[in-house]
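Open the model in your viewer and keep the sequence panel beside it. This tour tells you what to select at each stop and what is there.

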Amino acid sequence: MRGKVSTFGERLARLRQEKGLSQAELARLLNLGQSTIAMYERNKRFPDHQILERLADFFGVSTDYLLGRAGQPPASREGLASLEALAGDPLFAGLLRQVPHLTEEEKQSLAEHWEWALRHIIKERERRIKKGGAAPTAGQGGAPPEGAGKS
């Protein structure tokens with residue numbers, strides 16, 4: 001999405017995917033039809049203000065974020081704790097110190113590569129588990145932060 005402001009539908013789909021929900025699951029949780037969620041995500045239909053507020057509350061974001069009036073959803077406490085732990089990890093600390101010197105486009109590119117790498121790691125882990133291998137524990141490549149790699 002380089003240089004493009006994401007739409008309501010794109011933001012809704014991203015938030016849903018980050019929670020690991022299908023359109024049908026989200027619809028059931030919010031007492032809506034799956035086709036309604038699909039139409040929202042394709043920007044063919046838009047929710048009324050009550051449903052917009054329910055969506056914002058469900059995902060823990062502002063209505064302004066959903067509508068594209070705010071650039072990023074607010075960081076959760078868990079997310080901030082994960083960032084602090086990451087910054088304290090010697091493997092990543094040096095890399096993170098370089099981020100402020102990147103352009104916005106370079107940061108976006110880095111984020112896209114990071115997401116791709118996490119998706120790859122998660123798929124490989126799932127493949128190993130299906131073959132009967134154990135999942136790594138924390139400190140040995142444990143679970144990524146909630147929502148990581150689900151885009």
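The stops below go from the whole chain to single residues, and end with confidence.

**Ground rules**

This is a predicted model, where local features need pLDDT of at least 70, side-chain atom pairs count only at pLDDT 80 or more, and totals for chains, interfaces and linings use all residues. Residues are numbered from 1 along each chain as its sequence is written, and side-chain values use heavy atoms, with hydrogens and water left out.

**Stop 1: the whole chain**

Show the protein chain as a cartoon. It has 8 helices and 0 strands. Helices (H or I, at least four residues) and strands (E, at least two) are DSSP runs, numbered from the N terminus. Of the 151 residues, 24% are buried. Buried means under 20% relative accessible area, exposed over 50%, and partly exposed in between (1.4 Å probe, protein chains only).

**Stop 2: aromatic pairs**

How many aromatic pairs does a search of the whole structure find? It finds 3. Rings of Phe, Tyr and Trp (its six-membered ring) pair if their centres lie within 6.5 Å; planes under 30 degrees apart count as stacked, over 60 as edge-to-face and the rest as tilted.

Select Phe 8 and Phe 46. Their ring centres are 6.1 Å apart and their planes are at 50°, so this pair is tilted. Phe 8 sits in helix α1 (residues 8-18), while Phe 46 is in the loop between α3 (34-41) and α4 (49-59). Is each one buried or exposed? Phe 8 is buried at 6% relative accessibility, whereas Phe 46 is exposed at 52%.

Next, select Phe 58 and Phe 59. Their centres are 4.9 Å apart and the planes are at 90°, so the pair is edge-to-face. Phe 58 is partly exposed at 27%; Phe 59 is buried at 9%.

**Stop 3: charges over rings**

Lys 19 lies over the ring's face, 5.6 Å from the ring centre. A charge sits over a ring if NZ of Lys or CZ of Arg is within 6 Å of the ring centre and within 35 degrees of the ring normal. Then find Arg 11, which lies over the face of Tyr 65 at 4.4 Å from the ring centre.

**Stop 4: the core**

Select Tyr 40, Leu 55 and Leu 66. Among the 18 residues of the largest nonpolar core, these touch the most other members. Such a core is a set of buried Ala, Val, Leu, Ile, Met, Phe, Trp, Tyr and Cys residues joined through side-chain atoms within 4.5 Å. Helix α4 gives the most to this core, with 5 residues.

**Stop 5: confidence**

Colour by pLDDT, the predictor's confidence in each residue, from 0 to 100. The chain's mean is 78, and 76% of its residues reach 70 or more. Helix α6 (residues 77-88) is lowest, with a mean of 65, and α3 is highest, at 96. Where pLDDT is low, the predicted coordinates should not be read in detail.
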